[in-house]
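Thanks for coming, everyone. Let me put the structure up, and then we'll walk through it.

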Amino acid sequence: VAPTPVAILGVSGRMGQSLVRLLKEAPALKLVGALASPQSVHVNHDAALEGPATGVLISGDPGEALHRARLALDFSSAGAVGAHAKLCAERGIGLLVGTTGLTEAAQAALHAAASKIPVLIAPNTSVAVSVLMDLARRAASSLGEFDIEIAEAHHKDKRDAPSGTALALGEAVARARGTTLQAAGAYQRHGAARAEGSIGFAVTRAGDIVGEHTVLFAAAGERLEITHRATDRAIFARGALKAAVWLQSQAAGLYRMSDVVAVQN
Ligand SMILES: NC(=O)c1ccc[n+]([C@@H]2O[C@H](COP(=O)([O-])OP(=O)(O)OC[C@H]3O[C@@H](n4cnc5c(N)ncnc54)[C@H](OP(=O)(O)O)[C@@H]3O)[C@@H](O)[C@H]2O)c1
């Protein structure tokens, strides 16, 4: 079987470069396009900013980067995702969105695109984080009386806060409690007491922390903490490539990492 031609959107970033390195070990996928921002200093450079060249040049134009692709991996910027979704839908290119902090407009564009192409929204492509999500959901419904708090830590350059993963964990536990994050989420407590039933978020941004998430369940006399710690960005890239191989054979529709992981188990 011929490998699926893939474009990486956000190729010059931390995740983009991790994907370029790992793509060399993925025989089912072949890099054919690479996108950075239109004003990027990396435009017209090889997609591999270090190490052996890929022969694919970085473009600042989404149309050009997607020209030969059948599948796009988006780890760019939240503001750019809506336009990428529209282009992919027009051209029948499957889309995996790892970019986080998606605006409502971007989410609407992804939902619209999903009627034409397979779209995987994956704010965290670690397979272990999918399992964390499942464990947190189960604990939230079994430990109905426990207070829930979510803590996350990332490197100092991360744009969005709380992280997409922390919000997804919050949504999962809120739903398990029969509420929504909109109603229960507490993002600021400066000088304020804990509101009963709230789900509080604590955010750390420092140094080069790759990504840590803890869901804490606490009641009188006991505490359960479920933690995932990423120490190497390669786990996200490896999970994304696994998900990409899965996505390329799916019908049009909207998918989550739990759909990918369910099949693997
Ligand atoms: N799903 C996951 O598991 C996972 C894991 C880690 C990170 N993420 C998310 O993935 C995204 C990227 O993270 P990162 O750490 O790799 O960020 P980063 O190092 O800042 O890289 C961002 C990349 O996007 C490009 N870019 C910026 N604006 C763009 C635009 N308008 N159009 C096209 N490309 C654009 C940048 O190009 P230039 O800088 O060259 O202009 C760069 O290549 C973030 O949203 C992050 O939260 C997801």
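Start with contacts, meaning heavy atoms within 4.5 Å. Take those between residues at least 6 apart in sequence: 68% join residues at least 24 apart.

A word on the source. This is a predicted model, where local features need pLDDT of at least 70, side-chain atom pairs count only at pLDDT 80 or more, and totals for chains, interfaces and linings use all residues. Residues are numbered from 1 along each chain as its sequence is written, and side-chain values use heavy atoms, leaving out hydrogens and water.

Now the overall build. The chain has nine helices and twelve strands. These are DSSP runs, numbered from the N terminus: helices are H or I with at least four residues, strands are E with at least two.

Next, dimensions. The C-alpha trace spans about 60 × 40 × 30 Å along its principal axes.

How much of the chain is buried? Buried residues make up 49% of the 265. Buried means under 20% relative accessible area, exposed over 50%, partly exposed in between, with a 1.4 Å probe and protein chains only.

Finally, one residue up close. Ala89 lies in helix α3, residues 78-91. Ala89 counts as buried because its relative accessibility is 15%. Leaving aside residues up to four places away in sequence, Ala89 touches Ala113, Lys116 and Ile117. Ala109 is 20 residues from Ala89 along the chain, and their C-alpha atoms are separated by 9.5 Å.
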